[in-house]
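Biologist: I have just opened this one and would like a slow walk through it. Could you take my questions as they come?

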Amino acid sequence: SRYVYRPLEDAEHCLFPLELALGLVDGTTPALADHVGRLSADLTQKCVLRELSTRGITWGVGTLRKVQQSIASELAPFRQQAQADALLSWLKEASLGTGPRKPSLSVGRDGIMLPVLKNKKYREGATATLSVMNRHGQRQGTVYLGQMPEYGQTQLTRQMTDLLSEVLTRWSGPLPRLAYVSDAGHHPQEYFEQVLSGMRHPVTGRLLLWERIVDYYHACEYITSLAEAIFGKGRDATAWARKMRLILKTKPGGVFRVLHSAAALKHHRGLHSTESEYWTPYCYLRNHAAWMNYSAYRDQRLAIGSGITEAGCKILFTQRFKQSGMRWSIESGATILELRTIKLSGIWSEVRTAWLQSYIPPTTASPTRPNA
């Protein structure tokens, strides 16, 4: 049997001392809640319920969602510290290694369109990645952040900035190279201009020097569009684009060589397409030329492509959130996303241990009961 303490105010929750003493999460043991959280990070609710039924646990959808939300809210406060611990461990390992260049902390951010309930059109969620690269430019490890569609993506901005600040505060070795690699979309560019470009070291107060890198492969797509605007689709366009991509990647000032070649061809032979189809890719390359010095980035063993972040969008969202017929509410999506970021960052055991160690059982009350 168990006692229930009912609140005087209707807005408060009932209290079950026995459940608190046992550490139950919405009627489930911590072990079962942990198991449900791991399953929910990867499987649909139908698959989770089927898996639980094989263990003799017959829940409905309402109970499952309640436990998912509870375990996500229990684990969330410990995610940032565990991610910072992982990044610091990789930084230490990279700094002790041998190689021609300094280790680097590479940050990326990208958006992805998601199916949302009561919305005819998809809305944009967002993914962020923080990776440590060793002295040879090889990836040591990556942690992931994600956010359901939100105006301005303020939550993701806060999470990224807080995690970076904690890592820099706790890191005591030589400062690694700091690189921000993304496409030139609105939110990624806004984050660099409003946050990273003016970010100061949380301990020394010195201005941090971030190497802004516009994704090389997005730039290649614009070179292909430029080639087709000049030559039309065909062998000539393919050959010129291939040559320009190599120049962009390997030659100092490669982007300006591409622009000069395109301008000369336009002057001598005219355009196969419209002026707009020519000037759109041309202006993209010209406007972002300051962040396309790929030969220097490669010499410094920095990543020139945002493939880590784009892969993060795929594994964090696409594989779980965009299966056939799925539509999500912001709240339920945020619950699964919290579980998924913890698991994919490889820190589930650390977060779970921190949660369990933070739990303080209630003090046993006196056995003496007052008279009625």
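Predicted model: local features only at pLDDT ≥ 70, side-chain atom pairs only at ≥ 80, totals over all residues.

Biologist: What is the phi of Asp26? And how exposed is Asp26?
Modeller: Its phi is near 50°, a positive value in a residue other than glycine. Asp26 is partly exposed, with a relative accessible area of 35%; buried means under 20% relative accessible area, exposed over 50%, and partly exposed in between, with a 1.4 Å probe and protein chains only.

Biologist: What about Lys118, where does that one lie?
Modeller: Lys118 lies in the loop between β1 and β2, and its phi, near 65°, is again a positive value in a residue other than glycine. At 88% relative accessibility, Lys118 counts as exposed.

Biologist: Stepping back, how many helices and strands does the protein have?
Modeller: The protein has 15 helices and five strands, and of its 372 residues, 42% count as buried. Along its principal axes the C-alpha trace spans about 100 × 50 × 40 Å.

Biologist: In what order do the strands sit in the sheet?
Modeller: The five strands form an open sheet in the order β3-β2-β1-β4-β5, with mixed pairing; two strands pair if DSSP finds at least two bridges between them. At the edges stand β3 (139–147) and β5, each with a single partner strand, so one side of each is left without a neighbour in the sheet.

Biologist: And β1, is that strand buried or exposed?
Modeller: Nine of the 11 residues of strand β1 (residues 104–114) are buried, so this strand is largely enclosed by the rest of the structure. It is joined to strand β2 (residues 123–133) by 11 bridges, the two running antiparallel, and one example is Gly111, whose bridge partner in β2 is Ala126.

Biologist: Which strands does α13 touch?
Modeller: Helix α13 packs on the sheet, touching β1, β2, β3 and β4, and its direction makes about 40° with that of β1. Axes here are lines fitted to C-alpha atoms, for helices over the stretch in contact, and angles run from 0 to 180 degrees between N-to-C directions. Helix α14 (residues 330–344) also packs on the sheet, touching β2 and β3, and its direction makes about 170° with that of β3.

Biologist: New topic: which residues have the most contacts inside the largest nonpolar core?
Modeller: They are Leu75, Leu87, Leu130, Leu163, Leu164, Leu196 and Trp210, in a core of 43 residues; such a core is a set of buried Ala, Val, Leu, Ile, Met, Phe, Trp, Tyr and Cys residues joined through side-chain atoms within 4.5 Å. Helix α5 (residues 79–96) gives the most to this core, with eight residues. A second, separate core of 33 residues includes Ile230, Ala237, Leu259 and Met292.

Biologist: Which residues is Leu130 in contact with?
Modeller: Leaving aside neighbours within four places in sequence, its contacts (heavy atoms within 4.5 Å) include Leu87, Val107, Val143, Leu163 and Leu164.

Biologist: Ile230 came up too; which residues of α8 are buried?
Modeller: Ile230 is one of them, and the others include Tyr216, His218, Cys220, Leu226 and Phe231. The buried residues of α8 pack against β5 (210–214), α9 (235–250), α10 (254–269), α11 (275–287), α12 (294–299) and α13 (307–321). Just after α8, Gly232 takes a positive phi of about 80°.

Biologist: Last one: at what angle do α4 and α15 cross?
Modeller: The axes of helix α4 (residues 61–75) and helix α15 (residues 348–358) come within 9 Å and cross at roughly 85°. The two helices are therefore roughly perpendicular to each other, a term for angles of 65 to 115 degrees, where under 35 counts as roughly parallel, over 145 as roughly antiparallel and the rest as oblique. Where they meet, Ile71, Glu74 and Leu75 in α4 face Trp348, Val351, Arg352 and Trp355 in α15.

Methods:
Residues numbered from 1 in each chain as written. Heavy atoms only, no water. Helix = DSSP H or I, 4+ residues; strand = E, 2+ residues; numbered from the N terminus.
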